[in-house]
Amino acid sequence: MTLAAPRALDPAMPLLAVRELHTHFETAEGVARAVDGVSFTLRPGRTLGLVGESGCGKSVTALSILRLVSPPGRIVSGAILYKGQDLLGLSERSMRHVRGKEIAMVFQEPMTSLNPVFTIGSQIGEAVRLHQRLGRAATRARVIEALRLVEMPEPERRARSYPHELSGGMRQRAMIAMALACEPNVLIADEPTTALDVTIQAQILELLRGLRERLGMAMLLITHDLGIIAEHADDVAVMYAGRIVEYGSVLDVFERPLHPYTIALMEAVGRLGGDERYLEALPGTVPSLLRLPSGCRFRDRCPCAIDECAKVDPVLEEKAPGHTAACIRV
Amino acid sequence: MSDVVSPNALGSAASHVVAPPVPAGAPLVEVRGLRKEYPIGGGFLGRARATVHAVAGVDLTVRTGETLGIVGESGSGKSTLGRCILRLTEPTAGSVSFGGRDVLALSGRDLRAMRRDMQIVFQDPYASLNPRMRIGAIVAEGIEIHGLARGAAKRARVHELLEKVGLSPEHYDRYPHEFSGGQRQRVGIARALAVGPRFIVADEPVSALDVSIQAQVLNLLRRLQDEMRLAYLFISHDLRVVAHVSHRVAVMYLGKIVEQAPVAELYRNPRHPYTRALLSAVPVPDPRRRPDRIRLGGDVPSPVNPPTGCTFHPRCPYVEDRCRRDVPPLIEGADEHAVACHVFPAPPR
């Protein structure tokens with residue numbers, strides 16, 4: 001079987017369903033509810049974009065799916081259903097078979113995720129050997145194939161390179177090759193291009209899109225960049241202070257954003273080459289997870305807030321077909 | 001003896017001793033043929049084996065009250081350029097003049113005096129503030145070094161600066177770790193403003209901040225410019241941010257300016273293939289628009305052995321023979337639009 005062969009997965013069937021996930025961090029000052037009741041679904045061949053600012057819980061959500069949250073963080077409740085099975089009920093041993101083989105992850109900073117003392121080829125080979133019984137020659141062939149798949153220039157030579165000998169873009173290609181070497185069904189990409197220059201970012205995002213289409217993977221694309229979401233995601237979930245505040249198809253959310261936070265984020269980005277002298281700036285900062293306001297967490301910064309917003313903790317409700325928002329004002 | 005050294009010392013350009021005042025719109029900072037080369041290899045007492053051409057001959061002008069944006073990817077030399085202009089790094093060759101005075105010829109007391117006119121705001125608001133100093137002391141440091149005010153007058157001046165950047169005088173006795181990234185960047189801006197500069201190099205000032213906070217800081221820089229007629233050299237890798245703050249924009253590639261124009265002209269009529277690739281690579285927050293993307297192959301080449309001729313030629317989709325051979329000069333055409341390209345020259349005057 002080759003890496004580029006499409007998989008027979010039913011695109012209508014949910015591959016990964018996160019249900020009411022709560023991940024908390026117990027600190028000296030109290031409990032920070034970093035992920036506070038998050039639910040979403042990934043389907044084969046589709047990309048869900050998870051967008052939000054730093055501290056909103058998007059990376060903790062990703063780590064929770066792979067059960068890689070380290071103490072003082074802890075998954076408190078919820079379910080992570082992969083092909084119908086709850087990953088939270090698996091033994092650590094079974095979980096190791098899921099990581100990399102079924103669900104793989106690409107991190108933001110390739111330099112800290114790659115081991116500096118091993119060659120790219122041996123690190124990808126290790127990932128392959130962990131999940132598949134392959135001989136030395138077959139492993140090597142698989143490594144080169146994975147590097148070729150991510151359009152690494154001179155794959156045979158690059159397999160023998162150490163991470164520091166590669167440019168940032170090539171390192172990220174190596175990371176993606178490692179993630180894809182075992183043909184995962186789900187790829188989680190956490191800010192995969194944030195450390196890269198914009199022209200290299202465009203290369204890597206196009207690569208990820210092509211691979212997702214060819215391999216039929218489901219993808220969770222985590223980013224702070226609304227432009228990346230608009231171009232590369234099918235659906236989008238907007239996160240704020242540990243919650244999803246808006247969820248829908250990319251077309252619906254960008255053309256008819258409902259939640260005041262989503263609207264504010266879009267206005268803060270502005271238009272490239274636009275003539276606005278001053279940007280629409282949201283006042284204040286993201287609240288501390290230890291000191292969340294009562295009611296709606298966004299109300300302190302919200303231009304539409306009314307007294308009622310301090311009393312009601314809004315839940316995600318369907319405001320239009322397939323388009324939900326957590327706001328009592330829309 | 002009064003606590004105040006000069007009643008007019010702060011915020012007023014006229015009291016500065018080194019460079020004379022410059023009317024609005026007139027050239028304030030002029031850079032000609034600036035180069036910065038670093039020897040590499042060799043090590044201790046060894047002979048350098050190669051040279052990094054970080055800045056490879058840059059000419060630019062910043063006018064009073066205007067923002068010149070410098071965009072480029074990592075390794076383009078944009079930060080080194082900013083540091084050379086302020087002489088935080090000594091340039092290898094070229095000239096820098098401020099209000100007609102030769103900055104590179106200054107030393108000692110004159111150089112220190114010049115630094116009142118030229119300040120910098122750094123990228124990382126976490127690394128650029130001393131964690132052991134209180135906010136008030138951080139902002140007051142420049143006032144003390146330049147002997148601008150003492151005691152109660154100094155404290156009043158710092159309060160005024162904190163308010164100017166949207167902080168409160170109550171923050172005076174706090175430490176940097178008590179502040180968010182956006183607030184720290186406001187402290188960095190207050191520190192730069194404390195000595196009453198006319199020119200500020202802002203080196204990626206919002207790159208470490210979330211988008212909602214970026215907009216706050218960009219608006220603050222804008223407002224301060226409007227109020228105090230500040231000139232900015234605004235360095236960023238983010239074309240969207242540069243578009244918002246700049247009057248004119250220069251695009252750098254491998255230590256050189258490859259294109260420069262007023263902001264609207266540059267974003268509407270980019271000429272250089274690198275500028276066009278850069279602009280087309282920016283993700284557009286509109287799902288219906290699939291941008292016509294110019295795909296650049298490969299990475300930025302090493303500034304150690306830059307390619308011959310036009311340094312962009314190995315990645316350029318429009319490369320011709322002469323591009324491999326001849327270095328294209330930066331030539332200005334109509335609409336103040338200057339381009340360094342054989343194939344797509346500046347629009348004719």
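**Notes on the predicted complex**

1. Let's start with α11(A), whose buried residues pack against α9 (226-232), β9 (235-240), β10 (243-249) and α10 (250-255) of chain A, and also against α6 and α7 of chain B. The residues in question are P260(A), Y261(A), T262(A), A264(A), L265(A), A268(A) and V269(A). That makes 7 of the 10 residues of the helix (residues 260-269) buried, so α11 of chain A is largely enclosed by the rest of the structure.

2. A word on confidence, since this is a predicted model. The complex comes with an ipTM of 0.81 and a pTM of 0.86 from the predictor. For chain B the mean pLDDT is 88, with 93% of its residues at 70 or more. The stretch to watch is residues 1-16 of chain B, where the pLDDT is below 50; beyond near neighbours in sequence, those residues have 25 contacts in the model. Where pLDDT is low, the predicted coordinates should not be read in detail.

3. On to the contact between the chains: chain B puts in 33 residues and chain A 35 residues. On the side of chain B that touches chain A, α6 (211-228), α7 (239-245), α8 (263-268) and α9 (273-281) of chain B each supply at least two residues. The one that gives the most there is α6(B), with 8 residues. By type, this side of chain B splits into 17 nonpolar, 8 polar and 8 charged residues. Recall too that α6 and α7 of chain B are among the elements that the buried residues of α11(A) pack against.

4. Chain B overall: its secondary structure amounts to 10 helices and 12 strands. The radius of gyration is 21 Å, close to the 20 Å that the globule rule gives for 349 residues, so chain B is as compact as a globular protein of that length. The C-alpha trace of chain B spans about 70 × 55 × 45 Å along its principal axes. Of its 349 residues, 49% count as buried. If you take contacts in chain B between residues at least 6 apart in sequence, 64% of them join residues at least 24 apart.

5. Now β3 of chain A (residues 47-51). Here 5 of the 5 residues are buried, so the strand is largely enclosed by the rest of the structure. In a regular strand the side chains alternate between the two faces of the sheet. In β3(A), T47(A), G49(A) and V51(A) point one way and L48(A) and L50(A) the other, and all are buried. Strand β3(A) pairs in the parallel sense with β8 (residues 218-223) of chain A over 5 bridges, and V51(A) sits opposite T223(A) in β8(A). It also pairs in the parallel sense with β9(A), over 4 bridges; there L50(A) is opposite A237(A).

6. Some backbone spots in chain A that I'd look at. The peptide bond between P71(A) and P72(A) is cis, with omega about 5 degrees, and P72(A) is in the loop between α1 (58-65) and β4 (73-82) of chain A. Then there is E154(A), which has a positive phi of about 50 degrees although it is not a glycine. This residue lies in the loop between α5 (136-149) and α6 (155-159) of chain A. Is E154(A) buried or exposed? With 9 other C-beta atoms within 10 Å, E154(A) is exposed.

7. E191(A) also has a positive phi, near 45 degrees, and is a residue other than glycine. Its place is the loop between β7 (186-190) and α8 (198-215) of chain A. E191(A) has 19 C-beta neighbours inside 10 Å and counts as partly exposed.

8. Last one: E308(A), in the loop between α11 and β11 (317-320) of chain A. E308(A) counts as partly exposed, with 13 C-beta neighbours inside 10 Å. From E308(A) to G322(A) is 14 residues in sequence and 26 Å in space, C-alpha to C-alpha.

Terms used. Residues numbered from 1 in each chain as written. Chains lettered and ligands numbered in written order. Predicted model: local features only at pLDDT ≥ 70, side-chain atom pairs only at ≥ 80, totals over all residues. Rg over C-alpha atoms; globule rule 2.2 N^0.38 Å. Buried ≥ 20, exposed ≤ 12 C-beta atoms within 10 Å, placed from the backbone. Contact = placed C-beta atoms within 7 Å. Nonpolar A, V, L, I, M, F, W, Y, C, P; charged D, E, K, R; others polar. pLDDT = per-residue confidence, 0-100. Pairing = 2+ DSSP bridges.
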